[in-house]
Amino acid sequence: QEYRDKSTREEIETRRLQDSQTDPEETSPSEETPSEAEPTSTIENKAPPQINLLRNSNSRFNLWQDLPEVQSSGVLSILQPDEIKLQEAMFELVTSEASYYKSLNLLVSHFMENERLKKILHQSEAHILFSNVLDVMAVSERFLLDLEQRVEENIVISDVCDIVYQHTVNHFSVYITYVSNQTYQERAYKQLLQDKPAFREVISQLELDPKCKGLSFSSFLILPFQRITRLKLLVQNILKKVEEKSDRESTALDAHKELETVVKACNEGVRKMSRTEQMISIQKKLEFKIKSVPIISHSRWLLKQGELQQMNGPKTSRTLRTKKLFREIYLFLFNDLLVICRQIPGDKYQVFDSAPRGLLRVEELEDQGQSLANVFILRLLENADDREASYMLKASSQSEMKRWMISLAPNRRTKFVSFTSRLVDCPQIQCVHPYVAQQPDELSLELADVLNILDKTDDGWIFGERLHDQERGWFPSSMGEEILNPKIRAQNLKECFRVHKSDDSQRRKLGSRNRQ
């Protein structure tokens, strides 16, 4: 983790440095004069490192170049700087798997197999809480053994992505099972803490053990979801460093594609479980003043909800003084349906209109003074009464207005064109502070994420599309720094297309979506 944090910060600083070099005549940072090639036999004859990560995951060597065998071999003076960076990227994947396996082992031996905990938990409760973690740990152990064997074959690591590919295809489906159970796992854990004081007491005591290093029980439970996501990012990091059109690029692309499939299946599993829970909760809160609309559907999920002000148009200045200009309404926006309500006592909502999402249109009003600031028109081409209806709605801020407009009418053009259309040089931003999404239309960010800016507001929000996975969402502009150098923006796009070039059909689909 320390190495990952350091390398992430270095990546941010490198982009900052490159971004400041705006002279078009400057030499590209990647243009280095190669030194004379050394005979490969000089490297191959060196003794391979005996790191034994599975048996000794407390190794103090976080970097490949810090290994005593590497230090004493002389290969650091032989290898090109780019090859050393690649070795570090591959070694990080191996050592982080060892650290992950150690933590999984602690979850099983320290928590799951604790005798006091076994007596407190019913068999069904334990099954929901720990799911198939034993299968996940067995897969990690087999994976780590193969990685360790590869590292021990030669002091210079030949490749690791071929191993990642084989294990992802043949074994990593256990992650989908584990991660899909996350919603039930979280609910069961909260319920046990609330209903069983003995459970709460034992967990608290186990968390205090020095072996846990101050980490909570729940942080161990979420490890598999974090790991499968991080593996994809680690392979992306390797892919950026391998030589183009090489065998190592080919295996990295294959591994990345398979990991992306597993990660998407995991995300979809989590979403499906949590969406079902959420839809049931919303259904219970709605009372229909109009003809009832069935809310719960396997293909429906919530995109955004919240309060807006509906304008009650005054006819005279006296009316404006004596009557509220706006009245509160509450919107539930699903992926295929809009429900318009008014909040009533008892945490209930009375539905007075609805429309399919595909029949919504939005229009921003020109600046009409303070009373009409952040106001937009929402048109329902066909509402619950099978007629056209319009609502003049006021948001609390410019960013909230734009967020509603983009959510209500997703095909409406944004301020900047998405990179997948390849039509313009889109503004970019790199994340310098991590961010956790607070609303369904927001995007969680990790350090060094690079995003295209699709839209921005005057009050500090950006609507962006992350390059490495094309996920879209809003986030505070203070979380990132805009990339001003067009060369660096072009380089970022090149790296992104390189990662996804093994799936041209997906890219064509994305481009088509953004041209609509």
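Predicted model: local features only at pLDDT ≥ 70, side-chain atom pairs only at ≥ 80, totals over all residues.
**Entry 1: glutamate 465**

Glutamate 465 lies in strand E11. Its side chain joins that of arginine 472 in a polar contact of 2.9 Å. A polar contact is a pair of N or O atoms within 3.5 Å; within protein, one must be able to donate a hydrogen and the other to accept it, and residues adjacent in sequence count only if both atoms are side-chain atoms.

I noted the ground rules. Residues are numbered from 1 along each chain as its sequence is written, and side-chain values use heavy atoms, without hydrogens and water. Local features need pLDDT of at least 70, side-chain atom pairs count only at pLDDT 80 or more, and totals for chains, interfaces and linings use all residues.

**Entry 2**

Helices (H or I, at least four residues) and strands (E, at least two) are DSSP runs, numbered from the N terminus. Two strands pair if DSSP finds at least two bridges between them.

Which strands form the open sheet? I read the order E12-E11-E10-E9-E13, with antiparallel pairing. Strand E12 (472-476) and strand E13 (480-483) stand at the edges with a single partner strand each, so one side of each has no neighbour in the sheet. Neighbouring strands are turned by 45 degrees against each other on average, direction ignored. Angles run from 0 to 180 degrees between N-to-C directions, and axes are lines fitted to C-alpha atoms, for helices over the stretch in contact.

Five bridges join E10 (residues 450-456) to E11 (residues 461-466). Aspartate 455 stands opposite phenylalanine 463 in E11. Helix H17 (residues 486-500) packs on the sheet and touches E9 (428-431), E10 and E13. Contact means heavy atoms within 4.5 Å. The direction of H17 makes about 75 degrees with that of E9.

**Entry 3: strand E7**

Is E7 (residues 375-380) enclosed or open? Five of its six residues are buried, so E7 is largely enclosed by the rest of the structure. I found E6 (residues 360-364) paired with E7 over five bridges, in the antiparallel sense. Arginine 361 stands opposite arginine 379 in E7. E7 also pairs with E8 (residues 389-394), antiparallel, over six bridges. There, leucine 378 stands opposite tyrosine 391 in E8.

Conventions: Buried < 20%, exposed > 50% of the residue type's maximum accessible area, 1.4 Å probe, protein only.
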